[in-house]
Amino acid sequence: MFNGVISIRNKNGEEKVKIERPGGSLSPIWSISWNPSSRWERFWMDRENKDAEEITVNRYFQELPSTLKSAVYSSQGSEAEEEEPEEEDDSSRAVNSEERNDILAVADWGQKLSFYQLSGKQIGKDRPLNFDPCCISYFTKGEYILLGGSDKQVSLFTKDGVRLGTVGEQNSWVWTCKVKPDSNYVVVGCQDGTISFYQLIFSTVHGLYKDRYAYRDSMTDVVVQHLITEQKVRIKCKELVKKIAIYKNRLAIQLPEKILIYELYSDDSSDMHYRVKEKIVKKFECNLLVVCADHIILCQEKRLQCLSFSGVKEREWQMESLIRYIKVIGGPPGREGLLVGLKNGQILKIFVDNLFAIVLLKQATAVRCLDMSASRNKLAVVDENDTCLVYDIHTKELLFQEPNANSVAWNTQCEDMLCFSGGGYLNIKASTFPVHQQKLQGFVVGYNGSKIFCLHVFSMSAVEVPQSAPMYQYLDRKMFREAYQIACLGVTDTDWRELAMEALEGLEFETAKKAFTRVQDLRYLELINSIEERKKRGETNNDLFLADVFAYQGKFHEAAKLYKRSGRGNLALDMYTDLRMFENAKDFLGSEDPKETKMLITKQADWARNINEPKAAVEMYVSAGEHAKAIEICGDHGWVDTLIDIARKLDKAEREPLLMCAHYFQKLESPGYAAETYLKIGDLKALAQLHVETQHWDEAFALGEKHPELKDDIYVPYAQWLAENDQFEEAQKAFHKAGRQGEAVRVLEQLTHNAVAESRFNDAAYYYWMLSMQCLDIAQDPVQKDVMLGKFHHFQHLAKLYHGYHAVHRYTEEPFSFHLPETLFNISRFLLHSLTKDTPLGISKFKTLLTLAKQSKALGAYKLARHAYDQLQGLHIPSKFQKPIELGSLTIRSKPFQDSEDLVPLCYRCSTNNPLLNNLGNVCINCRQPFIFSASSYEVLHLVEFYLEDGITDEEAVALIDLEAPRHNRREGKWQEVVSNNSQTLRLDETVDPMGDDDPFPAKLSFEQGGSEFVPVVVSRSVLRSMSRRDILIKRWPQPLKWQYFRSLLPDASITMCPSCFQMFHSEDYELLVLQHTCCPYCRRRMDDPSL
């Protein structure tokens, strides 16, 4: 209850027991739970009577990742509090058995955990929690307790209240936690409505060294088992053990606050009595613990520390990756060797008296288990993929690998025999023989002679291995007498025959004679007798004896090799002749020198080639090392598969044969194999040339990205190929990408010249615009900046001229016009004012004046039309235009000598009406402000360019404009309502200032009257702040150009600027042109271009 009282009642509600907590109302009871186990009290009472020398082993708490949202734990529990045994009177032991079965766990908000009997007597003392508990729950068997509360996490405790660790952390208070019956699944409910599901996994903790095995039992016991004698000893302690290690006569146990080192009473190998040797009273944090004769080794993630038994750190090793496995492999006391496996696949050997680690080998996968053979020549590794890999330590060669392995052990009596477990099977492997399997649950922990020791949970079992396997083990090591002794224990006739053959081949004639006698093989017994007779006569060449054996066994090639090695090639020749194996006989025509042997094989290959057996000839040439001839035959016959096999077998240093292979691959249209061959010899330039020749541009571009030095070899041919296929624009881009700026510019210039010569003035304008942008790109080089900027402005000007002249040319040459008269009038005026100096190639001043004259007359600009006709009289007029021009010159005289006021351009800065014929060009005659034309209709846009004051950056200006300070709306209150008897009138005041008095920009448009110099509009920060973002257009030129700013003086008339070429358009014109062409009419940027 909330006042700290616990009331135990029967089913009728009658109170039987009342427990009052010491804290009273300061310790309100928040959660209680009965222990479902009937053994808990016995465990507790027995715990108080244990000896002082008892110890606890094998329980550390380890958190592992899980594929589900769960916290996963191994069974090697967390630290436990060290507490002294409590004294308890005899009355507590007189409690009846029923009462001992009922244990109540109480958690109160005094932040304590207590246990009570049914009688109300407290068991042990209060356990401090350091948080307010909100829920408590037992596991099904009562061995663990779950607690959650204000610490926002669920903690795991033992049944006696020792905290093991955290199950899971939450974001709010934990109000409930439950365990699924008969399982390790936990569900947690929090205050914020979160429900979490966890799985707890308890694994086995054990230590092993050769024939001694130590493991944890009942959480606080350590059982040391002798695997040979089957003796066991149990060691008990009051504390929870975190780790355990065993080595020869040493046993190390890590407790929460100390490490205990035990030793055997005697040096007897069967002695099982341990006593405390040293105590290191210090808390250590480590992942693994290893004990040696005079040291302990602590593993902490990537670090190993070597400590003496007095706790002094003597040495430390820092690894490249996490340490996954460590094992003592023996050595003199104080100089033991350690076998260490890392997560990155590195395997090292460390001596405790040496600061430097020795790298044995490095593999690609993480190490799970390691073992070294008895002679330390071979290393068995189980990796994270459950694969057992066996290496030769000296050569680093992978000897073999086997799947489905979780642990491995070498036979302590046989160098070449090991066993590994996994997938519910025990696997026994001798040397390189196939694996022998039998079903077995558990893990292999040792292998001694014919016994294999396997651990299943806590049970250690010995498995007898069939005798055939060790017999073959000895045969592999040529230990024939020992193999005979094992065979005598009971093997099949097949095994006896195998033993006899192996012994015969090993020239162990005594063992072979016994074995052949057992299987009653008279033919081989006669052979053995003949060899023994020859030995008696003085023959001592064992190779000749073995050659006769191989010949009897049908191993003719092996026999021939031995005959040859013994200098008796004639015997091999006789053997092959008798067998009618003439091809093999050719190799033994008195040939002893390797060069002569090679020559014979080459001749045999030539013979095969001559009798039209090219495949056999190729094989012989390859065996003789005559790769060039083999490649030639394959290439002539088109055998691509054989050719690639030869190329893959060749060493990359043999460039000539490989280059021949690549040549034939190209010839046989197998560019993939050719590319593989070039890659093998590292000839990247030839590889790039291959991709170019085969026009595999994607592969070529990928190669160019990895090796920038090859860009010239790729993009230049690519550009030339594009140019040959009339894709000049793409060719120009390819030259640009290759860094050939000169070629890129030349291609563009040639394209521009061709476009002008072919009267494709729209294309000429586009190419000039591209030229200008390339010049701007090159201008980023400080050395070429000034020259390139000049060219940029020049090409931009030409692009505008050709873009406008395109309409004039079409108007004069084609029967129908696609432009409005006003547009042609504006374009011809723009061109006339722009062509004050030299006239660019292709632009006809005659056509410009003719268009201007016709459109001026049609639109009522008679004065300008008369001027145009007068100018035409001074030019060479083509014959087809002679009469129309003369007629126009006469008829224009009948018109008034004035221009229509509707056509007069207005300066939006000073509001001055400019004459249609302006001697100053495309600028205002009053304020000299340059006109800004629409790139489609060539009307003067209502824009005024302004400049920033010194000290204002572009980024700051844009930020100030984006502020867009609010303005007072001057239009408010201008409507006046007049109400009379018979009517209601709404009157609008017409004196509204459209710009507003609070807009400072109009004041900046003023200039000094009568000045001949152009005075730009310069704005300050306050002016920028007052501007509206929708009224401003910004040409964001790349470096080294500065940005250009324009203010729209008629916000209601929308203007659109292309983000690529920065040309201005009336929004309606721009949208119509984009719908017609799906791109910008000036720079041809497509609307779906992701780069902008």
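**View A. The largest cavity of the predicted model.** The structure contains five cavities of 30 Å³ or more. The largest cavity has a volume of about 50 Å³. Its lining is formed by C907, Y908, R909, Q929, P930, F931, I932, V940, L941, L943 and V944. Classified by residue type, the lining of the largest cavity comprises nine nonpolar residues, one polar residue and one charged residue.

**View B. The second largest cavity.** The residues that line the second largest cavity are R829, H833, P905, N914, P915, N918, G921, N922, F931, F933 and V940. By class, five of these residues are nonpolar, five are polar and one is charged.

**View C. Packing of helices α26 and α28.** Helix α26 spans residues 845–859 and helix α28 spans residues 879–891. The two helices pack at an angle of about 40°, and their axes lie 12 Å apart. The helices α26 and α28 are therefore oblique to each other. The crossing of α26 past α28 is left-handed.

**View D. Residues at the contact of α26 with α28.** Helix α26 contributes F846, L850 and K857 to the contact, and helix α28 contributes F881, I885, G888 and T891. The residues of this contact comprise four nonpolar, two polar and one charged.

Notes. Residues numbered from 1 in each chain as written. Predicted model: local features only at pLDDT ≥ 70, side-chain atom pairs only at ≥ 80, totals over all residues. Heavy atoms only, no water. 1 Å grid on protein atoms, 1.4 Å probe; cavity = no way out; pocket = protein on both sides within 12 Å on 5 of 7 lines; lining within 4 Å. Points joined across faces, edges and corners; volume = space filled by probe spheres on them. Nonpolar A, V, L, I, M, F, W, Y, C, P; charged D, E, K, R; others polar. Axes fitted to C-alpha atoms, helices over the stretch in contact; angles between N-to-C directions. Helix = DSSP H or I, 4+ residues; strand = E, 2+ residues; numbered from the N terminus. Parallel < 35°, antiparallel > 145°, perpendicular 65-115°, else oblique. Left-handed = near helix turned anticlockwise from the far one by under 90°. Contact = heavy atoms within 4.5 Å.
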